[in-house]
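Please keep the structure in view while you read.

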Amino acid sequence: MLRRATLFALALTMAAPVAAIEQTPPDVTVTGEITGGDHQTYREVPFDVPEGTERITAVLSYDKSNKTVVDMGVWDPARFRGWSGGSRDRFTIAPSDATPGYLPGALPAGRWRVMLGVPNARTDSRARYSVQIFFDRAAERRATAAIADPPLKPGPGWYRGDLHMHDAHSDGSCQSRGGRKVPCPLFRTVAAAAEAGLDFIAVTDHNTTAHFSGLRELQPYFDTMLLIPGIEVTTFGGHANIFGPTRFVDFRVGAPGGPEIRALQRDVVAAGAIMSINHPALPSGEQCMGCGWTWKDTDYGAVTAIEAINGTMTDGPFAGLGFWYARLNEGHRLTGIAASDNHNPDVAAGNPAPGPAPIGRPRTVVHASALSTPAILDGLRAGNVFLDIEGTDTRLLEVDATAKGQRATMGETLPGRRRTTVGAHIAGATGAFAELILNGQPTGERQLIRSDDARLDWALNAGQSCGWLAVNVRGSTGKLLLAGNPVYLACG
Ligand SMILES: [Zn+2]
Ligand SMILES: [Zn+2]
């Protein structure tokens, strides 16, 4: 959020989503044999890159019996693009990012060469090898650009994360070893998130993808926390995070030669990302340029989420909860999320509000089928999500509604105009109150949460059951602790 200086300047680009690469048929497969005669030589494996390729991914496999060792690197038509030796079996290169050891940049069409080095092949040995090559193109993304692949955790569950933060690749800062305020290395930001015990983060530098290669470098080390590539698309009329983008998205909305907002939104979808409008209710002015969301022509059908809570702005006129509820009341289906928008990982976890928020407070808790980028993005789309304002490791808010034997969880739809029972399973909030929200307004039926693992319910009569409902949890002083996403009640 609070970009206090001129923001907009950086360029962005791509990365890619979808299935694990092992489940994807390659565009090109080259096979061959390494024999004793190849000992301490280089072999070139040529392949042709078509026009319009946005990412190249290659996977090497070979028979390692008999102590054969094969190194890997790659040349484009004009220059050397990287080398991983024998330490990796795959690499990916795009204009935005590349595997450590490889150079991101333009992908010229024409003849490329995977280079295989053979430091060892025994005299009489024969070893089959295969190089599988995958191309991403605008309309056809075959390879994955997820930073972590396969999932860090395979099973379904509630995953806790922070979807908004900045580092040295935009305006994040921290204290240097010498005690000065300096652009903060991405490593510090990611390490602070891991210390906070998060399951996932999105690093969302303004308009650039320059941090994507760094995320690729850091993911294997931070192997218990998913790193999702993100961009805070920073326009003069509002900021939106996009999660999982695969390529450049032109952020210059409204400027001469720039896109209209709907064209930007189409581009976000084409880039394989989802869009979340950030801190929508902030005022725009010289204090915070372009911070509030003012694009009247926004296609909310192409918006997945609203950042209902940004940093410490839980309540008050600048909080985003009211903006989110107003859009829901217009009939849009939007997942509410909460994020720190941290600009400095030195902000201590116990830092009291108001003031800058530490990484992980607030956090968004997503029910997802696994801990992977595609699964978390699907979870955000589905909307079985709650907002943990104080960023705890323990609080839980599960909500469902039933009517005539049909059941719906948050994000799902139930036929309305019938008697409906609302159930909430709330953990870690003893002494707080749960309130039922109907179409943005508290129904007045507050319930005291008497145990650490509480189950509460409410009843709605048929006349009330139209629109959307949600359950929120407030402390004894009225402070919002947990905010649920809507269960939709079809009025028809
Ligand atoms: Zn912002
Ligand atoms: Zn931000």
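## Charges over rings

A charge is said to sit over a ring if NZ of Lys or CZ of Arg is within 6 Å of the ring centre and within 35 degrees of the ring normal. Arg-327 lies over the face of Phe-323, at 4.6 Å from the ring centre, and Arg-333 is placed over the face of Tyr-488, at 4.2 Å from that ring's centre.

## How the model is read

The model is predicted, and local features need pLDDT of at least 70, side-chain atom pairs count only at pLDDT 80 or more, and totals for chains, interfaces and linings use all residues. Residues are numbered from 1 along each chain as its sequence is written, chains are lettered from A and ligands numbered from 1 in the order in which they are written, and side-chain values use heavy atoms, with hydrogens and water left out.

## Aromatic pairs

Rings of Phe, Tyr and Trp (its six-membered ring) pair if their centres lie within 6.5 Å, and planes under 30 degrees apart count as stacked, over 60 as edge-to-face and the rest as tilted. The structure holds 11 aromatic pairs; one of them joins Trp-324 and Tyr-325, which are tilted at 40° between the planes, with 5.3 Å centre to centre. Ring pairs also link Phe-47, Trp-112 and Phe-135 into a cluster.

## Tyr-325 and Trp-468

Tyr-325 has 9% relative accessibility, so this residue counts as buried (under 20% relative accessible area, with exposed over 50% and partly exposed in between, for a 1.4 Å probe and protein chains only). The rings of Tyr-325 and Trp-468 have planes at 55° and centres 5.0 Å apart, so this pair is tilted. Trp-468, at 2% relative accessibility, also counts as buried.
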